[in-house]
Amino acid sequence: MARLKTLFSLLLTATTTLCLSPAPRANRLSPVVRNGSELLVDGKQWKAVGPNVYWLGLDENVTPPTGEPYDPATKSSYPTKERVTEVMAMVNALGGTMIRAHTLGVSVGNPLSIWPEKGVVNEEAFEIIDWAVYQAGVYGVRLLVPLADNYDYYHGGKYNFLRWAGFDLTQSKDSNNPQIQQFYTNSTIVDTFKEYITAVLTHRNQYNNLTYAEDPTIFAYESGNELLGPIWGDKNCPADWVRDVAKYVKNLAPEKLFFDGTYGINDEHLVIEEVDVFSDHFYPPELIKLKLGINAVEKAGKVYYAGEYDWTGPFLSLSLDSFLKVLEDSPAVGGDSFWSLFGRNGPDCNTFVNHDERFTLQYGNPSNSDDITKRTQLIRKHFVAMSEGKSIDAEEPLPSVPCPAPPPQRTRMR
């Protein structure tokens with residue numbers, strides 16, 4: 001660490017790129033609370049704006065050096081501490097306040113997971129998760145953490161719980177099988193899922209000595225990512241299950257907010273007292289769907305959050321700017337997160353991590369096209385408007401993030 005600090009000092013002295021002066025290390029963050037359709041921190045309005053960074057706890061994009069933990073079947077490995085720290089600095093540079101981070105909470109069924117097998121805790125998996133939560137707190141970046149996934153991805157999800165209960169189901173052959181609803185309705189599976197939630201929330205972070213339930217850096221848990229039933233778009237995530245899981249999480253972590261992770265706004269869920277925030281995802285962005293969702297959530301006196309969206313285009317009927325403007329102008333919108341952010345393959349400062357998906361934003365990559373840079377500037381303009389209530393020029397140069405990442409660059413609202 002001393003070596004990294006020395007290297008950073010040299011880089012800071014030599015560079016003439018746009019950078020803000022380092023600020024003192026962040027103190028413990030204040031909790032985020034909900035007042036009707038508004039999120040507050042210390043009595044002031046707060047917006048949850050930032051990227052999706054799904055790989056913070058377990059990655060699928062980098063083959064590590066020989067001898068480091070690696071699962072060849074899923075091509076998964078733990079991200080380096082340098083990568084994790086850098087992405088926090090990138091969120092600061094973008095004007096963001098938070099990260100939606102799947103693999104800090106969805107981590108089952110993989111040899112490198114928190115739960116590689118039912119009820120078996122892999123303490124090694126917590127090493128990088130602890131670091132991510134700790135570094136987020138240092139940089140003043142709050143975390144939204146999903147607890148399950150609708151899909152059969154490398155980091156696990158509902159299909160692992162189904163298979164552990166004896167249901168031979170996979171997403172590739174059973175996504176339309178009504179039996180997948182057993183994840184929500186089978187009492188044994190629900191109890192196992194709650195056992196997993198307990199293992200995650202009661203874990204004590206080695207870097208700050210707080211359990212995840214206690215640490216306000218994790219401002220909210222989400223029931224899951226894009227939870228559905230057997231028909232695409234059915235929003236068939238039973239209200240009783242959502243209510244049960246929300247109550248369970250809030251019993252373990254009373255100061256956390258709870259997000260409904262159903263894919264879309266399910267009107268039957270809007271009356272669930274324990275749910276604070278409702279969300280939807282946009283591929284592509286659609287203004288009618290966005291406005292209808294916001295209106296429904298606002299009428300229920302809750303908060304709306306656009307949890308994922310395509311920022312790359314091309315869009316047939318609207319611009320990215322018009323989509324973001326609706327989010328900015330709607331009082332019930334508590335924030336939004338684009339999909340998704342990547343950086344360098346630290347400690348290698350010369351190589352950016354590639355992800356085979358057109359929605360990937362590699363912040364600061366000199367190979368980015370002019371169009372990507374302009375869209376990134378637009379996202380930053382939007383985040384600053386939401387988080388700081390001020391307007392900046394859409395063409396304002398993007399702040400650089402040196403490698404290795406600098407200390408926190410500005411004081412954040414606690």
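Two strands count as paired if DSSP finds at least two bridges between them. The structure to which this is applied here is a predicted model.

**Exercise 1. Describe how strand β11 is paired and how it is connected to β12.**

Solution. 
Step 1. Strand β10 (residues 257-260) is joined to β11 by two bridges, and the two strands run parallel. Within β11, Phe278 is the bridge partner of Asp260.
Step 2. Strand β12 (residues 303-309) also pairs with β11, in the parallel sense and over six bridges. Here His281 stands opposite Glu308 in β12.
Step 3. Between β11 and β12 the chain passes through helix α9 (residues 287-299), and this β-α-β crossover is right-handed.

**Exercise 2. Determine whether the residues of β11 are buried or exposed, and treat its two faces separately.**

Solution. 
Step 1. In a regular strand, side chains alternate between the two faces of the sheet.
Step 2. One side of β11 carries Val277, Ser279 and His281, the other Phe278, Asp280 and Phe282, and all of these are buried.
Step 3. Because six of the six residues of β11 (residues 277-282) are buried, the strand is largely enclosed by the rest of the structure.

**Exercise 3. State the strand order of the open sheet that contains β1, and identify its edges.**

Solution. 
Step 1. The open sheet consists of three strands in the order β1-β2-β3, with antiparallel pairing.
Step 2. Its edge strands are β1 (32-35) and β3 (44-45), each of which pairs on one side only.
Step 3. Four bridges connect β1 with strand β2 (residues 38-41) in the antiparallel sense. Asn35 stands opposite Glu38 in β2.

**Exercise 4. Locate the disulfide, give its handedness and classify the exposure of its two cysteines.**

Solution. 
Step 1. The count comes to one disulfide. It joins Cys349 to Cys403, with an S to S distance of 2.0 Å.
Step 2. The torsion about the S-S bond of Cys349 and Cys403 is about -75 degrees, and therefore the disulfide is left-handed.
Step 3. The pair links distant parts of the chain, 54 residues apart: Cys349 lies in the loop between β14 (341-342) and β15 (361-362), and Cys403 in the segment after α11 (370-388).
Step 4. Buried means under 20% relative accessible area. Cys403, at 15%, is buried, whereas Cys349, at 26%, is partly exposed.

**Exercise 5. Characterise the surroundings of Trp131 by its ring pairs with Tyr134 and Tyr207 and by a charge over its face.**

Solution. 
Step 1. The structure holds 30 aromatic pairs. In one of them, the ring centres of Trp131 and Tyr134 are 5.8 Å apart and the planes stand at 55 degrees, so the pair is tilted.
Step 2. Trp131 and Tyr134 both belong to helix α3 (residues 126-138), where they are three residues apart, about one turn of the helix. Both are buried.
Step 3. The rings of Trp131 and Tyr207 have centres 5.2 Å apart and planes at 75 degrees, so this pair is edge-to-face. Since Tyr207 is in the loop between α7 (187-201) and β9 (218-222) while Trp131 is in helix α3, the pair ties together parts that are 76 residues apart in sequence.
Step 4. Relative accessibility is 9% for Trp131, which counts as buried, and 25% for Tyr207, which counts as partly exposed.
Step 5. Lys81 lies over the face of Trp131, 4.8 Å from the ring centre.

Note on methods: Residues numbered from 1 in each chain as written. Predicted model: local features only at pLDDT ≥ 70, side-chain atom pairs only at ≥ 80, totals over all residues. Heavy atoms only, no water. Disulfide = S-S within 2.5 Å. Buried < 20%, exposed > 50% of the residue type's maximum accessible area, 1.4 Å probe, protein only. Phe/Tyr/Trp six-rings, centres within 6.5 Å; stacked < 30°, edge-to-face > 60°. Lys NZ or Arg CZ within 6 Å of the ring centre and 35° of its normal. Right-handed = clockwise from strand over helix to strand, strands pointing away.
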